[in-house]
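Visitor: I would like to go through this model term by term. Please set each value against its cut-off.

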Amino acid sequence: MKVVALKDVIGTSQDVDGGTWNSRRLIVKKDGMGYSVHDTIIRAGTETHIWYKHHLESVYCIEGEGEVVTLKDQKTWPIEQGVLYALDEHDEHLLRAKTDMRMICVFNPPISGDEIHDEDGVYPVDES
Ligand code: 9YT
């Protein structure tokens with residue numbers, strides 16, 4: 001049995017800031033579960049360009065509101081508390097937060113713990 005407290009992950013190498021988001025990786029590769037589990041805050045008023053070429057991800061919103069847009073077809077889905085989206089086709093997408101959004105993310109294969117997006121085939125929006 002493993003018990004992980006968010007307060008013990010905050011401030012460690014498993015607490016990663018991506019600029020538009022802050023991801024606290026609760027369960028990572030070394031835990032041997034075959035997936036990773038993250039408690040992620042997407043910051044209000046931001047847009048993040050995400051493309052996980054090597055991972056599948058489910059994202060469950062437990063607080064806040066925003067939207068997700070798939071780039072191949074420009075489809076937009078509203079996100080609010082209680083909505084989950086699953087990137088089952090390595091979908092390239094934009095994640096927009098109207099308010100701070102708190103998301104529980106599950107990755108397969110698991111994240112090692114301290115990755116930033118570029119290493120995972122994910123690229124921030126070019127703000128220039
Ligand atoms: C929802 C989402 O994918 N946000 C980006 C951060 C990600 N959860 C991560 O790398 O931990």
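Guide: What follows takes the chain, then the ligand, then the core, then single residues.

Guide: This is a predicted model, in which local features need pLDDT of at least 70 and side-chain atom pairs count only at pLDDT 80 or more, while totals for chains, interfaces and linings use all residues. Residues are numbered from 1 along each chain as its sequence is written, and side-chain values use heavy atoms, with hydrogens and water left out.

Visitor: What makes up the secondary structure of the chain?

Guide: The chain has 1 helix and 10 strands. Helices (H or I, at least four residues) and strands (E, at least two) are DSSP runs, numbered from the N terminus. From that end the order is α-β-β-β-β-β-β-β-β-β-β.

Visitor: Why is H49 called buried?

Guide: Buried means under 20% relative accessible area, exposed over 50%, and partly exposed in between (1.4 Å probe, protein chains only). H49 has 17%, so H49 counts as buried. H49 lies in strand β4, residues 47-50. Of the 128 residues of the chain, 41% count as buried.

Visitor: What makes the pair H49 and E92 a polar contact?

Guide: A polar contact is a pair of N or O atoms within 3.5 Å; within protein, one must be able to donate a hydrogen and the other to accept it, and residues adjacent in sequence count only if both atoms are side-chain atoms. The side chains of H49 and E92 are joined at 2.7 Å, therefore within that limit.

Visitor: Which residues come nearest to the ligand?

Guide: There are 14 residues around the ligand, and S23, R25, H38, Y52 and E57 come nearest. A residue is near if one of its heavy atoms lies within 4 Å. A polar side-chain atom of S23 is 2.5 Å from a ligand oxygen atom, and an N or O atom in the side chain of Y52 is 3.1 Å from a ligand oxygen atom. For T40, a polar side-chain atom lies 3.2 Å from a ligand nitrogen atom.

Visitor: How much of the ligand does the protein bury?

Guide: Taken alone the ligand exposes 310 Å², and the protein buries 100% of that. Such areas come from the Shrake-Rupley method with a 1.4 Å probe; for residues, only the protein chains shown count as cover. Strands β2 (21-27), β3 (36-42) and β5 (56-63) each give two or more residues to the shell.

Visitor: What is the largest nonpolar core?

Guide: A nonpolar core is a set of buried Ala, Val, Leu, Ile, Met, Phe, Trp, Tyr and Cys residues joined through side-chain atoms within 4.5 Å. The largest such set has 18 residues, and I42, I79, Y85, L95, M101 and M103 have the most contacts inside it. Two or more residues each come from β5, β8 (84-87), β9 (93-97) and β10 (101-108). The largest share, 4 residues, comes from β10.

Visitor: Which residues does Y85 touch?

Guide: Contact means heavy atoms within 4.5 Å. Not counting residues up to four places away in sequence, Y85 touches E57, S58, V59, V68, I79, H93, L95 and M103.

Visitor: Why is H54 called exposed?

Guide: H54 has 53% relative accessibility, which is over 50%, so H54 counts as exposed. H54 sits in the loop between β4 and β5.

Visitor: How do you know that G32 is exposed?

Guide: The value for G32 is 61%, therefore G32 counts as exposed. G32 is in the loop between β2 and β3.
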